[in-house]
Amino acid sequence: MLGYVCKYTPVELLEAMGAEPVRIQPAVTSFNHADALMHPNVCSYAKAVLEVMAEGGYEGIVLTSCCDAIRRLEDVLKEQYPEKFIYMLDVPRKVNDFSIGIYRKRILELADAYSAFSGKVYSREALIEILERERESARINAAGEKPDKLRVGIIGARCPETVKTLVEDNGGKVVFDISCTGTRREEALAPYLGSISRESTDPEGILSSALLSQLPCLRMADARGRSDFIAGFGNEIDGIIYHTVKFCDVYSFEYMQMKKDSQVPILKIETDLTPQCSGQIKTRVEAFMESLAAMRGTTEKKIAGKAAESEMFYVMGIDSGSTSTNAVIMDKDKKIVASAVIRTGAKSADSAVRAAKQVLDESGISENDIAMTVSTGYGREAITAAGKSVTEISCHAKGARYFNKDVHTILDIGGQDSKAIRLDDAGEVADFVMNDKCAAGTGRFLEAMARTLEVDISELGPISFESSKEVSISSMCTVFAESEVISLIAQNTEKADIARGVHRSIAGKSVSLMKRVGLVPGFMMTGGVARNKGVVKEIEEALGAKIYITEDPDIVGAVGAALSALEQVEK
Amino acid sequence: MNIARTYGNIVRKKLESDPVKAGKLIRKGLHLEGFRVKHLSDKRIPAGYKYLNYKGITVVADALDDPEHCAWTNIFAPVEILQNFGLTSVSMEALASYLSGFYLEDYFIDRSESCGIASTLCSYHKNFIGAAEAGVLPVPAAAVTTTLACDANVQSFRYINDIFNIPTYMIDIPHEYSEESLSYVSGQLRELICMLEDITRRKFSEERLREAVARENETKKYFLSFLDKRQRHEYPNTLTLVLFQLFATHLSIGEEWPLEAFRMMDEEIEAYPESGQKRLFWIHLLPYAQMALREYLNFGGDINVTCGDFDLDYIEEMDADHPVDAIARKMILNIYNGGFERKADAIADMIRKYDPDGVVEFCHWGCSQSSGGVMLMKEKVRETGKPMLILDGDAVDRRNSPDGQIKTRFEAFLELLGKGGETA
Ligand code: SF4
Ligand code: SF4
Ligand code: SF4
C-alpha cells in the first residue's frame, strides 16, 4: 500500500506501475506520536497522517506541496521512516502550458523514484488503459438520481466520513463532496480525458493536464471554478456543510466569502478528525439538519392530535447543560407550571432524573400526567425518560420567542460554551455559531476569574459596578488572563476595576460571536451568565443596544424543549 | 507616557464611526513618527540607522497618501518591477507592523476573526485583512504577491481582491530550481509586466530594470561589508532598527535610498570602537510588539542583535543583463522557498560564517514557517555548536505574547550565554 493525501496525486500513474495507492482518510483517537514530533500548531490532518503512518502497513506515502503543514509532515516522516518511500510532489498553482509541462516532468520523476524504491516499472500502455477505463466508468455513473431527502453539499478541507454519516442519519443525502480527497476520481478527471486512446503518444501529458485542470482546490491561484461549480447546483441543494480542520487556515477564507454570497444555508464545522471531536459536532449537524427541514416545511405543524381539546395535559422539557440541568413543566396552553435548576453532577443522566423529580414535586403533578418529555442540551441523549431529543439551538430559538416575540439575535453563555443564534422573522433558526473550543467568553472563564479574585461568582457583577477606572484584560486565554489578573492584584488594582475588565473581555468575545451571525436588533441573552449584570452592561455598551433578559435566563432552553414536546403531542 | 498608545486611542475612537478619518489619522501618525525619527530620536542612534528608519516610515506614509502609485505586496514580491512603473510597494507585513505600532492590532484582528477568518491564521494576515475590511486603508493601484514561504498569501490576497477588486497578481514559485521553473516564473513576471502596463498606462523599460538590478547588487555589497564590520564594531541599534533593515533589503531594494543608507552605515561604522559585546543571530521574524525584549536588546551594553537570516535570504550577485530572469532566479533560490531543510542548511551556514555568541528564533504563533520548521532548525543550529533560544509569541498581537514567559526565557538564555553554555 502506498498512501496519498491529495487529489492532485497521479494515482493512475502509480497504478500503471503496479502500485496500490490508497487515499489516507485518518480516523485516529490520539496524537501521541504527532504531539511528540510536531509543533502543537500544526494542522490536525497532518498530525493524523503521521499517526496512520506510525500504525504501519504502508510502504510509503506520496505527498503534495499543499501547505506548510504537509511539508513539515514530510520532514518528520523522512526522519522517522528512512526505509519508507516518502515523496513530495510540488504541484504548480497555475494551469498553463509551462506548468503542465513542469508537472508532467515531475510525475515522471516520481515514477522513476518509485521504480528505484520498489523495482516496479512504469508501463505507458497500462496508463492508457487505466485512463480509458476511468473515462468510461464516469459515463456509467452519470445516470442521476433525484433524492427526496435533504440535499447537502460538503466543501472545505478533508471532511471525515463521520460527518457524512451524520448527514445521512439525519435525513440528508450528500450530493457532492469537494473537500480535498472527497471527489470521485473518475468524475473529477473524466471531462479532461476525452483525447486518450490506444494511439496516444503522451498519456502522461494528458494526465498532468487533467490533474491540474480539475475542479481547483483553494491552493490554486485561480479558484473561481469552485463558486461556479456550486452555483451550478442552483436550488438543487438545501444546505452546505463547510468543513475545516483545526489549525488549517487555508479553508476559512472561502467560507467567509461563501457566507456573504451564498443563497443556501451554510454550516461551518471544524474538527480535528478524531471520533471524540465528531461527537462534539454532532449537535451542530443535527441542529443544522433540523433547520433545513424546517425551511423546507417537512416538519408539519399540524395542530390536530391525540390529545382532545378540553382535556388538560402537561409536557416537560429538560435542558441538560454541562454546568446546570434545568427542567420545566408546561401545560397544554403553554403556561409554565413549574421549573427547576440544579447543578449538573458527574453523570448528566442522574442530574436529569433529579431535576425532573424536583420539578414534579414542585408542581404537584404526577409523572403519569406528563404526555411527553423532550430533552435538549449537551447531555440530551443520555436522558432515557425523554421521548425525543432536540438540539439546544432549536430549543433556545423556540424558548426565546416564547418570552419575547421580537427577539432576533440570541446570545447564550453557558458554563462551557457560548453560542449566538439568529432567528428569522418566523422565529426559525437562520444562522448560528458556537464557541466550545476554549473557555474564553464562557461561564468557566468567569468562574476562574472570580476564583483568582477570591470573590464569589455571584458577587462579581455587583462589585464591578463600583469600578472607577478602566482596566483591560487583554489575554484571551484563561491561563494567561489569570496571570494577568494576578499581576493586577499585585499592583494593587481595585477588585472592582478588575472585575469590570473581566466583564469587558467576555463582552468583547461575545459580541464578536454575535457579529458572526449578524447583529439583527432584538437582542436577548440566555444562560446562567445572563444573571451577571456586569457582563450584561458591558455587552449592551458594546452593542449600543438594550438586551432583553428573562427573569430566569437559565430555563430558556428547557422552555424550548417543553414547547417542542407540545408540538410533538399535538401532531 | 506612551505616545503611540495615546495616539492609537485617538484613532481607535474613529475606527467604527469614520474609518476614512481613522485612516487619515494613521497616515498622519506615520508622518509624525517620521518627523520624530528625523529630528528628535535618541542621540545614540547612528546617522545611517536614522536615515534608514526615516525612509522606512516615510516611504510607507507617502505611498498611503498616494494610493494610485502604491501596490500592496508581500515581503518577497518583485519590487524592482513595480518600481519600473512608478509603484511603491507597501507590504502587508509592514502595514500590520505599523498598525500594531499604534496599538490597534486587537481591533483589526478581532474584526477579521469576527468575519470568520480562522483565529489560528498568522496575525500579520489577520491584521492586514481586518484593516482592509474596516476601510482604513486607501485602495491601491495593484496587489502583487508570491507563494514563496507563506501559504496564507494566496488566500489573503484573493480575499482582498474579492472585496476591493484590486488588480491582483500572484506569482507561483516552484520549489526547485530548474530551467523549466525559471521559464515558468519569468513567464509570470512578463505577464505581470503586461498587467502593470495596462493599469498604469506606462511602458515597461528594460533598461531601467537593468539599472535597478545593478543598484541592487551594489546595495547588497555595502550591506554585506557593513555586516562584516558589524561583527567586530559597535553600532548602537534597537530591535526595531534591525527590523527596519528589511525595508532596504526587500521592499525598496533597487531604489536609490537603500544604497545610500547602507553606504552611510558601512562608512560610519568604522568610526565606532571595536566591541566585546555578545552578538546574537536572529532567525526570521523580529517582533515589533514585544516590549519585554527591548529592555535587553535596545542599545544593549552587553548584548546585541548583529545579524539575521531574513536580510540575507538571497545574496548572490544578480545578472543585470537579464534582469527579469535574474529576479525570477532570486525568487526561486530564496532560502525561504521550498523545503525547510534547504533553509535550515543555509541558515546554519550563515551562523558558521558570522559566528555569533547565540542564536534566537522567535516562533510567531500562526506561522508555519516558524512552528513548522523550528525543530529541524534547532537540530541544525546544534550542529554549529551555538546555543539557541526559541521564543514563542506573537510578533504582532500583544494579547498572544505573554511578556512574563518571554522575559524568563530570555533572561535564562542570557545567564547561559554569560556562562558560555552550549544549548538552551
Ligand atoms: S488543498 Fe489542494 S493541494 Fe492541498 S491536499 Fe487539498 S487538494 Fe491537495
Ligand atoms: S487541512 Fe489545511 S493545513 Fe492541513 S494539510 Fe490540508 S490544507 Fe494543509
Ligand atoms: S509570519 Fe509566517 S505566516 Fe505570517 S506572513 Fe510571515 S511567513 Fe506568512
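**Across the chains and around a ligand**

Reader: What makes the pair B:Glu180 and A:Lys105 a salt bridge?

Author: A salt bridge needs a side-chain nitrogen of Lys or Arg within 4 Å of a carboxyl oxygen of Asp or Glu. The closest N and O atoms of B:Glu180 and A:Lys105 are 3.0 Å apart, so the pair meets that rule. Between chain A and chain B the count is four salt bridges.

Reader: How far can I trust such values?

Author: The model is predicted, so local features need pLDDT of at least 70 and side-chain atom pairs pLDDT 80 or more, while totals for chains, interfaces and linings use all residues. Side-chain values use heavy atoms, without hydrogens and water, residues are numbered from 1 along each chain as its sequence is written, and chains are lettered from A and ligands numbered from 1 in the order written.

Reader: How do you know how much area chain A and chain B bury between them?

Author: Buried area is the accessible area (1.4 Å probe) that two parts lose on being put together, summed over both. For chain A and chain B that is about 4,000 Å², with 57% on carbon and sulfur atoms. In chain A, the most area is lost by A:Asp68, A:Phe253 and A:Met256, together 17% of what that side buries.

Reader: Which residues are around ligand 3?

Author: A residue qualifies if one of its heavy atoms lies within 4 Å of the ligand. Those residues are B:Met92, B:Cys122, B:Tyr124, B:His125, B:Cys150, B:Leu285, B:His364 and B:Cys367.
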